Amino acid sequence: MDQKMNVFVWDMDETLILLKSLTTGAYTKAFNGSKDVQKGIEIGKTWENQILRICDDYFFYEQIEGCNKPFIDATREYDDGLDLTDYDFANDGFVGAAFDDDANKKKLAYRYRIIAHKYKKGLRSLFGEKMIKSWDNLYEVTDDFTDKWLSSARACVAQCANGNKDSNSSEAENINVIVTSGSLIPSLVKCLLFRLDDLISYDNVYSSWEVGKYQCFSLIKERFNGANVQFCAIGDGWEECEAAENMQWPFVQIDPVPVSTSHRFPGLNLETLGHYISVVYGDSDDEDE
């Protein structure tokens, strides 16, 4: 209970990854002709198609699209622990969001349990090397096109995850959490495809699609709250900025526009995030400061 903890609350789209701005051309147009707009759009649409296909074929998305929950364990109370090895998901009578009775909630909970299991095992447990190789190639193409945005964002998250290992204090623990405005299942698939699943566990991915960013932030604060817990939110949008302000958390603004004075990737690192935390919570090494 006395352990110090830093909880980094990340937005996903246009923060840890670039997708929508590629698809619309907004990211590329900001470079005033130095980047190929059409190539960026094609990259973004390729990602979108891959994400939706995996969601539908492997993560029950066609069935549960209308049943979005803010986090994967939201249905746990309805899961009776049934062995699902031979369970027939195609013919169990699940009707999505049409009925909200306990029987239907139990069937949704079964699907969420399988999704969590697949997330923990990773993409390599589902797909062959040929498919993995194609995604690796797409990742590298996207990373090169965005001047290493993906890999540097991942490196920053990794710094946060391992920060306590590099510290002289063994009492500190760092936690990475994602709060995305997208629906939950596609967001989990994005974590898998964009190489974030080993740094952010399935139970640390939250969707504000139905409840809003402030409610998600409140759930996270309730979950991790303690006298020695410090929070820091990082994102590109007004909603997470406003939610962080209401929670009295430090907020780091991300902006992919190249001439912007805001933080972006490459560039943002754990040291910078630490400065934001110390401004709000004070410097733990020097109380007078």
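Leaving aside its neighbours within four places in sequence, which residues is Thr 146 in contact with? Select Thr 146 and you'll find Leu 18, Leu 22 and Tyr 27 (contact means heavy atoms within 4.5 Å). Thr 146 sits in the loop between helix H6 and helix H7 (149–166). With 1% relative accessibility, Thr 146 counts as buried; the cut-offs are under 20% relative accessible area for buried, over 50% for exposed and partly exposed in between, using a 1.4 Å probe and protein chains only.

Some housekeeping before the next stop. This is a predicted model, where local features need pLDDT of at least 70 and side-chain atom pairs count only at pLDDT 80 or more, while totals for chains, interfaces and linings use all residues. Residues are numbered from 1 along each chain as its sequence is written, and side-chain values use heavy atoms, with hydrogens and water left out. Helices (H or I, at least four residues) and strands (E, at least two) are DSSP runs, numbered from the N terminus.

**Stop: the sheet**

Now color the strands. Five of them form an open sheet in the order E3-E2-E1-E4-E5, with parallel pairing; two strands pair if DSSP finds at least two bridges between them. Strand E3 (205–207) and strand E5 (251–253) are at the edges with a single partner strand each, so one side of each has no neighbour in the sheet. From one strand to the next, the twist averages 20 degrees.

Select strand E1 (residues 4–10). Six of its seven residues are buried, so E1 is largely enclosed by the rest of the structure. Seven bridges tie E1 to E2, and six join E1 to E4.

- Met 5 has Glu 173 in E2 as its bridge partner.
- Phe 8 has Asn 176 in E2.
- Trp 10 has Ile 234 in E4.

Move over to E2. Eight of its nine residues are buried, so E2 too is largely enclosed by the rest of the structure. E2 pairs with E3 in the parallel sense over three bridges, and Val 179 stands opposite Tyr 206 in E3. On the other flank, three bridges join strand E4 (residues 229–235) to E5; there, Ile 234 has Val 252 in E5 as its bridge partner.

H8 lies across strand E2 (172–180) and E3, running at about 145 degrees to E3. Axes here are lines fitted to C-alpha atoms, for helices over the stretch in contact, and angles run from 0 to 180 degrees between N-to-C directions.

Next, bring in helix H5 (residues 102–121). H5 and H8 pack at about 10 degrees, with their axes 11 Å apart. H5 and H8 are therefore roughly parallel to each other; angles under 35 degrees count as roughly parallel, over 145 as roughly antiparallel, 65 to 115 as roughly perpendicular and the rest as oblique. Show side chains for Tyr 112, Ile 115 and Tyr 119 of H5, and for Leu 184, Ile 185, Leu 188, Cys 191 and Leu 192 of H8, which make the contact. By class, this contact has eight nonpolar, no polar and no charged residues. Here Ala, Val, Leu, Ile, Met, Phe, Trp, Tyr, Cys and Pro count as nonpolar, Asp, Glu, Lys and Arg as charged, and the others, Gly among them, as polar.

**Stop: helices H9 and H10**

Select helix H9 (residues 213–224) and helix H10 (residues 238–247). Their axes come within 8 Å and cross at roughly 45 degrees, which makes H9 oblique to H10. Residues to show include Tyr 214 and Phe 217 in H9, and Ala 243 and Met 247 in H10. The contact of H9 with H10 has five nonpolar, two polar and four charged residues.

**Last stop: helices H3 and H6**

Finish with helix H3 (residues 37–58) and helix H6 (residues 129–145). These pack at about 145 degrees, with axes 11 Å apart, and their crossing is left-handed. Among the residues that meet are Ile 43, Trp 47 and Ile 54 in H3, and Trp 135, Leu 138 and Phe 145 in H6. The contact of H3 with H6 divides into nine nonpolar, four polar and two charged residues.

Key: Left-handed = near helix turned anticlockwise from the far one by under 90°.
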